[in-house]
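Me: I've got a model open and I'd like to learn how to read it. Could you take me through it step by step?

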Amino acid sequence: MIVRGPILRSRTVLAGIVILVIGAFVPLFFSGYVLGLLTVAFYTAVFAMAWDLLFGFAGEVNFGPTFLIGLGAYTAGILDARLSPAISIWLCIVAGAAAAVIGGVVLALPALRVRGPYFGLTTLVAVLILQNVVVVFAGLTGGEIGLSVPDVMSVSETTNYWIAFGFMAISGAILYGLARSPVGLVLQASGQDPVQAGALGFNVTKHKLFAFIVSAFFSGLAGALMVFYMGTASVGTFVDISVGVQIIVAAVLGGRRTVMGAAIGAVFLIGMGEALRPLGELATLIVSLIALAVVMFFPDGFLGMLQKRSNDG
Amino acid sequence: MLFWQILIDGFAISALYALGATGFTLIFGVSGVLNLSHGAIMVAAAVAAWALAGLMGAGPYASAAGGVLIGMALAMATYFVTVRPIQRSPRIAESEKEIFILTATLLWGIIISETVAYFFTNNAKTVLPIVEGVVTVLGVRTPTNEFFTAAICWVAIGLLWLLVNKTRQGKAVLAASMNPRGVTLLGIELTSIHLAVWLIYGLLASIAGILLGMFLGVSSYSVGPLTASAFSIVVLGGLGSVTGSLIAAYVVGYLETATAYLVSPAYRTIPALLLLVVVMYLRPQGLFGRR
Amino acid sequence: MLEVAQLTKRFGGLVAVKDLSFSIRPGEILGLIGPNGSGKSTAMLTVMGVIAPSSGSIKLEGAEIGGLPSHKVARKGVGLIFQHSRPLNRQTVLENIKVALIPDRLNMMFHSAEIDEQARAIAERAGLGAVLERKPPTLAFADLRRLELAKAIARHPKLVLVDEPFAGLTASEVGAFSELIREFRSEGRAVLLVDHNVKGVAALVDRAVAMYLGERIAEGTAAEVMRDETVRRVYLGGALTRTTREAAAFAGAAHLLAVQDVVVRYGKALALQGVSMHVSEGEFVAVVGLNGAGKTTLFNAISGLVPHAGTVRWNGSPLGGMTAASVARGGVVQCPETRELFGDMTVRENLDLGGHLLQPADLTQRREWLFDLFPILRDRESQVARTLSGGEQQMLAIARALMMDPKLLILDEPTLGLAPVILETLSKALERLRNTTNLTVLLGEQNVTFALPHADRLYVLDHGKLVWEGPPDRFEAEAAETYL
């Protein structure tokens, strides 16, 4: 009777380390094009991991992760566009993360008071509102065309890659560690059975709010960083609901509640989207079809299926 | 004079919103599903009508009818391809089914709109109108189409009301939205109720889409905003409440029209959104919501 | 330790708990007994803070805890063992217990060895040592209940609330659990047991409080409460009378409904254990048993609402595989305990829906017949069902089921929560049906006094098994004593 639980956990960690090592060597062998693609994938991975924390552990389905991401991205972008060069981009990034956290709290207040589909609805409405505000106040935000920021973190593809890679690794480690910690255990309890969690002495609202804030922080931070990688911000890249759906699908594809799975799913999805680009307009269609198939027939996702197999074996 | 213009334009656009929202809320009330492919079905029906007229030379009535049939088929497909399999899936935990259905319908909507864009491009299309010309009413020159649109919307809503409140089958549907178990106990198969509801929904959404196509034109870019507005209206009015949706549709429609005329067309979505925020904070279940 | 004074809880117009007062000393086990709807579970949940009281006071060691949210009540030293096990299915048994030990802080980043040790010790005590690393979906039912107990132990509560401790357990498991609960007592904790069956917990409790319709009706030792007149009247339904018709008429008749070896599981719990019974055409058969005995499960299996093993035959052919709606169309119509009315529709609309398979002329005729059977429904014809009283709703539910022109009418607990005056009306209506129609009825009841006069034959169902079958005149002699 082998103790399987810990072995799988350390297996996941092992796999994570292997992947990180591989990732570290990528710049030596691949072109700037691939590096750029992976950079975007890494930021998306953080979006997905932050979403997984909120959904998988606190049990709340956030249909608008892009609300938080968009807040982070646009706050950082607008500050830089308006105040540069008087303001350092790192300050803008911090401001972006802060804005996302505030946004997360503002969203959590009505959202945590309601149950079931209404929570998801509230998050969807939040995205709609942000989208409309960005479009309407185009003078400030660049509207549908987008916002150009004068500064970027680096012009070197390799440096950008390292920043994104490092950020993803650290965020992943923190989020994963959080998920495995006692606090993570309590979050899981709050998500699965709030009445029981309350009866066991846990202030469920406090814990869910905490999950919201952590998710918002990482989402906003990643969004802000990505603005200074791409040099632009637009509704189509940061706020649109279809971007949000991509994030959700990435987390489901990789395996919900595994944190690492979300990262794997994100990289896979971005990679696949790119691989299908030659097909032109069919690309989105095919990715959506595959995503639908995953959602319907493989809801446990990649890591989820692996875990199940080792549990039953 | 501006007042009458706002009144008339607002009435027409609100009627269109109302028709779409009614279908959307009906599906939620009976099937428990928030169909995020709503906009895609509307646009697909409109584009189908346009294609039938433009590419096959069908007349306005025939192409409209064809568009409706295609829309209804798509609605049925939505139920059988995305909703039902998930509802019956043993692989997904009960508590997570709603979320999965939401995601699946959203993806399905993207699939439909990408397919439309692929075959017919992203360009805006206007459906061959059934009614043309301009009339002057109360000192305002208005396209006759607007009155036609409002009339058809209300006829459709009226027929729906009659169906649900006065026919035996309609009452069964209404009963199913109150208590599905009760309906089963009376020997009525829930599957046939779901089928009926999705068919009706397809009809309503298609008509709304085609009318919109005649009135203002559609493109695959309209998909997102259409779903978003139906969804905001239904949330405002209260999920599952048809009365709520009707009233909310008019509130939103008039807010938009008034803002467009009095302030600026660019800001027309703002007041409705503000209202939505207020409602989400104070009364998340909407004006008439009960679930 | 615990002092509850004039506790009242209202849900809108319904008074679930009314002026309830009781107290528990440390090292004492108090049983709160009552049938479904008596308010006992509501009272317990109110003490725990899961539900907020409408008025009254709840004091723990002298300090007021009424109205506090459940996590604060828990931190003050109250533990709750839910009736239905609620494990975290994705965590191991050990992790489940650890959750109960973790403090309510946001800064616990690392697992402590101390908590791990404590969790293991608690698991041993609860008898879970062998399954620490397994996940709840793989555990046996009794082990899941042990897990609930372990979580409660982990809270080190001063007061333990236990909801239906023995539901679903075998006799030997009941013994093991009783031991664990007794340990709470010897540790000086106070225990509140909530159950529907005095007999079942008699050996365990020091004192008992009996409840009915939200109020306390008796208090004392378990034996005293069982002998109490009011308790007997309310639970058994009072003195048993009988009016029978010629039961012999059914002796050799063909079985209209034949149930054979039906087994139903809800997850791990065995709800029905190989039940076999039958009903002949025109017969009125009653299945009596307490809450949780399995009556509703049996009816749901017959109606096709719940999957089951074994066969149910209707008119000779098996019902297995048919949808619930087609079973109803085939003549087996159930009027469930929850009634399942269409709340926002009028009485008339509810009835008309029941008659949806009939021709308009037949529908009108049938409706008129039912208005004759239940005159009050005629008066309330245009009233919305949700606004009817409990008794009127029950009559509507029965009438609607009868609109289907059933061959077999299954009535599940029609008298639950109704005032005696309504019982009279229902009784008379059943009598009329029995004498004037060829309707076959399967009646499920806790209230034996109500069921006896209308039964040609009775079954007694206990913990998912049929323990007695016979005519009503033999019931008092043979089964009544063991029933309460």
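This is a predicted model: local features need pLDDT of at least 70, side-chain atom pairs count only at pLDDT 80 or more; totals for chains, interfaces and linings use all residues.

Me: Now a sheet. In what order do the four strands of the open sheet in chain C lie?
Reply: The general idea is that strands of a sheet pair through backbone hydrogen bonds, either parallel or antiparallel. In chain C the order is E2-E1-E4-E5, and the pairing is antiparallel. E2 and strand E5 (63–64) of chain C are the edge strands, each pairing on one side only.

Me: How many bridges join E1(C) to strand E2 of chain C, and how many join E1(C) to strand E4?
Reply: Strand E1 (residues 2–11) of chain C is tied to strand E2 (residues 14–24) of chain C by seven bridges. Between E1(C) and strand E4 (residues 55–60) of chain C there are five. To find your way on screen, look for C:Leu2, whose bridge partner in E2(C) is C:Ile24, and then for C:Glu3, which stands opposite C:Lys59 in E4(C). Over at the E5 side, E4(C) and E5(C) pair over two bridges, and C:Leu60 has C:Ala63 as its bridge partner in E5(C).

Me: Which residue takes a positive phi in the hairpin of E1(C) and E2(C)?
Reply: That's C:Gly12, with phi near 65 degrees; the hairpin has two residues between the strands.

Me: On to chain B. How many helices and strands does chain B have?
Reply: Count eleven helices and two strands in chain B. Walking from the N terminus, you get α-α-α-α-β-β-α-α-α-α-α-α-α.

Me: Why would 19 Å count as agreeing with a compact globule for chain B?
Reply: Because a compact globule of 291 residues would have a radius of gyration near 19 Å, and chain B has 19 Å. Along the principal axes, the C-alpha atoms of chain B fill a box of roughly 60 × 50 × 35 Å.

Me: How many residues of chain B are in contact with chain A?
Reply: There are 35, and they meet 31 residues of chain A. Helix H3 (60–88), helix H4 (97–120), helix H9 (223–237) and helix H11 (270–282) of chain B each supply at least two residues of that side. H4(B) gives the most, with 15 residues. By class, this side of chain B has 26 nonpolar, six polar and three charged residues.

Me: And how many residues of chain C are in contact with chain B?
Reply: For chain C it's 19, in contact with 14 residues of chain B. Helix H11 (324–329) and helix H12 (347–354) of chain C are the elements that give two or more residues to this side, and H11(C) has the largest share, four residues. The side of chain C that touches chain B divides into ten nonpolar, five polar and four charged residues.

Notes. Residues are numbered from 1 along each chain as its sequence is written. Chains are lettered from A and ligands numbered from 1 in the order in which they are written. The radius of gyration is taken over C-alpha atoms; the globule rule is 2.2 Å times the number of residues to the power 0.38. Two residues are in contact if their C-beta atoms, placed from the backbone, lie within 7 Å. Ala, Val, Leu, Ile, Met, Phe, Trp, Tyr, Cys and Pro count as nonpolar, Asp, Glu, Lys and Arg as charged, and the others, Gly among them, as polar. Two strands pair if DSSP finds at least two bridges between them.
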